[in-house]
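Welcome, and thanks for taking a look at this one. Here is a short briefing to read alongside the coordinates, grouped by topic.

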Amino acid sequence: MHLARPLQLAASACAFALAATGVAVAAAPTAGAAAGSVYSVAPYVDMSNGQEGLLDTAVTGHHLKAYTAAFVLGEGCNQIWGDTLPVGNDSFTDPEIAKAKSEGASVIISSGGASGEPLAWTCSTQSSIDAGYQAIINDYGVTQLDFDVEGAAVADTAAAARQMQAMKDLKAANPGLQFSMTLPVLTSGLTGDGVNILKAAKNAGIKIDVVNIMAMDYYAGTGTEMGQGAVDAAKATLAQMQSVDSGYTYANLGITPMIGKNDDGSTFTLADAQTVENFAAQNGVGRLAFWAVTRDQPCGGSANSLPTCSEISQNSLAFTDAFVPYEGGGGGGTSSDFSLSLSPGSASVAQGGSATATVDTAVTSGSAESVTLSASGAPSGVSVSFSPGSVSSGGTSTLTATVGSSVAAGSYPITVTGSAAGGSHSATYTLTVTSGGGGGGGGGSLTNAGFETGSLGPWTCTDGSAVVSSPVHSGSHSLQITPSAAGTGECDQTVTLSPNHSYTLTSWVQGPYAYLGVSGGATASTWSNSSTWNQQSVGFTTGSSGTVTVYVHGWYGQSDVYADDLTLS
């Protein structure tokens, strides 16, 4: 996770003292907070990007009870905030933390991040590490510390051992102290280096209170369904945790997505937030967070992961509102209410075919109530049914969209509505009807698989992508994708295949690092690096919905890549 401004470390920083300096705060507490407490929802706040006013609004107007202040950086055996001012004496950050505390919000102090490292990674003297972390506890009166370890730091086993020894020492000196380790993750779980950090805790004889996974930036294609990706990552990570220490449960797991546009071009939506919250509620996940409250607003920027906004259409602090009900007592009173979401939220179906989606509901306040499901906006020849037709909020139903053979090809938004005594909620299901097949090389369920229409549709592509007349593998056209220094470039097409069935995706490609793969209901990819046309194939098995997203992309800073004659068999 990223600081808003480029990191410029001061030449020296004031040495830590155990006594607090600067803004007065409470003395170190003696009791911690368990999972299910106020800390169950604690999104990150970038304390260095000038948007900290959103924190005040989130606390006073949107019921946020806890947050994670980021980031403290190790600098030798000293520590500074990311804006280069000393911890405990920062004229910008310290007053913001004190103000939020006076307004009723509890704080977790986070060290590290993408632009720096926690103290145990920059200092090799154990007594100085212990004293530095203790100073944070004393200066800010906290019971919760977070350590965000990214990049090459994850593989530093010596630093991880120092970190766990420090936490063992601090827990002995501060009854009730809890800490989280925030680690990179794929949808398949932690990396091997991440698992080694769990093992370092085991070797030190302690247990990490919250293993917080960064459910973001998978670089698996912009069609990645980020809500389900976070769920998959959470399930896989718990299995890894329990392989190291059988005592771990979901109460020891945290999930932290990046809201809105991610660095890899994928998008975490409000529907994805609901997917994650539903999963958390069903399994008793210890903490939900996101990066970051200071991005929880719309903007008109064009670069991925802008530090001050989400880059999607949303209301200000909409993600805060989406996650806050999970902590309880802040979700809007005691009257009953529910949420509704769809997974997946779209499908591509050939004429005469059908598609399914799961309708998820969850209790957001009060108690469960009967929710009746209906659909509107389907074109003539498309029928939409639900099984069952009504659920108790917290339950699920299967939506089936059946497409007649004469339905015109096109994209159709269908509104799915759940109605209950306390009100109604809706979500949009986008159904793309195709005429089947494609030019140039066929493509089975893929449309325009040889790009012989001369246009990109129905492929969804990043800027710079185009249909070109040279080079081509067959026919008159092929696809050109142009990466940039900040992005891979990508073209996607979502298709619905037979559920739980094995397929092979094949394409002719050329160019440096040409990637071919699927995401969503299945995950698989391959790549080649060749200046001439070469055929690449990748096998995969669909899930229960049969829906996958086919993608082609290049690589950062590399030349154009080309694709032609895609097939699914």
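A residue counts as buried when its relative accessible area is under 20%, as exposed when over 50%, and as partly exposed in between. Ser339 has 8% relative accessibility, so Ser339 counts as buried. Please keep in mind that this is a predicted model. The protein chain has 569 residues, and buried residues make up 53% of them. It holds 9 helices and 29 strands. Among its contacts with a separation of 6 or more, 73% are between residues 24 or more positions apart.

- Ser339 sits in strand S13, which spans residues 337–343.
- The side chains of Ser339 and Gln274 are joined by a polar contact of 2.9 Å.
- Beyond its neighbours within four places in sequence, Ser339 is in contact with Gln274, Asn278, Asp360, Thr361, Ala362 and Thr364.
- Pro325 is found in the loop between helix H9 (318–323) and S13.
- With a relative accessible area of 18%, Pro325 is buried too.
- Pro325 and Val363 are 38 residues apart in sequence, and their C-alpha atoms are 9.5 Å apart in space.

**Around Thr182**

- Thr182 belongs to strand S6, residues 178–186.
- Its relative accessibility is 0%, so Thr182 counts as buried.
- A polar contact of 2.7 Å links the side chain of Thr182 to the side chain of Asp146.
- Not counting residues up to four places away in sequence, Thr182 touches Met1, Tyr44, Asp146, Phe147, Asp148, Val149, Asn212 and Met214.

**Nonpolar cores**

- In soluble globular proteins, nonpolar side chains tend to be buried together.
- The largest nonpolar core here has 86 residues, of which Tyr67, Ile109, Tyr133, Met164, Met181 and Ile255 touch the most other members.
- Helix H7 (residues 226–244) supplies the largest share of this core, 8 residues.
- A second, separate core has 27 residues, including Leu479, Ile481, Ala524 and Val552.
- Tyr133 touches Gln79, Pro118, Leu119, Ala120, Leu145, Phe147, Gln163, Ala166 and Leu170, leaving out residues up to four places away in sequence.

**How H4 and H5 pack**

- Two packed helices are described by the angle between their axes and the distance between the axes.
- For helix H4 (residues 126–140) and helix H5 (residues 157–173), the axes come within 9 Å and cross at roughly 55 degrees.
- That angle makes H4 oblique to H5.
- The crossing of H4 and H5 is right-handed.
- On the H4 side, the contact is made by Gln126, Ile129, Asp130, Tyr133, Gln134 and Ile137.
- On the H5 side, Arg162, Gln163, Gln165, Ala166, Asp169, Leu170 and Ala173 take part.

**Backbone points to check by eye**

- Most residues other than glycine have a negative phi, and most peptide bonds are trans.
- Trp291 and Ala292 are joined by a cis peptide bond, with omega about 0 degrees, and Ala292 is placed in the loop between strand S12 (287–288) and H9.
- The peptide bond from Ser470 to Pro471 is also cis, with omega near 0 degrees; Pro471 is in the loop between strand S23 (466–468) and strand S24 (478–481).
- Asn448 has a positive phi, near 55 degrees, and lies in the loop between strand S21 (423–434) and strand S22 (460–461).
- Asn448 is buried, with a relative accessible area of 4%.
- Tyr513, in strand S26 (residues 502–520), has a positive phi near 55 degrees.
- With a relative accessible area of 28%, Tyr513 is partly exposed.

Methods. Residues are numbered from 1 along each chain as its sequence is written. This is a predicted model: local features need pLDDT of at least 70, side-chain atom pairs count only at pLDDT 80 or more; totals for chains, interfaces and linings use all residues. Side-chain values use heavy atoms; hydrogens and water are left out. Helices (H or I, at least four residues) and strands (E, at least two) are DSSP runs, numbered from the N terminus. Buried means under 20% relative accessible area, exposed over 50%, partly exposed in between (1.4 Å probe, protein chains only). Contact means heavy atoms within 4.5 Å. A polar contact is a pair of N or O atoms within 3.5 Å; within protein, one must be able to donate a hydrogen and the other to accept it, and residues adjacent in sequence count only if both atoms are side-chain atoms. A nonpolar core is a set of buried Ala, Val, Leu, Ile, Met, Phe, Trp, Tyr and Cys residues joined through side-chain atoms within 4.5 Å. Axes are lines fitted to C-alpha atoms, for helices over the stretch in contact, and angles run from 0 to 180 degrees between N-to-C directions. Angles under 35 degrees count as roughly parallel, over 145 as roughly antiparallel, 65 to 115 as roughly perpendicular and the rest as oblique. A crossing is left-handed if the near helix is turned anticlockwise from the far one by less than a right angle, and right-handed if clockwise.
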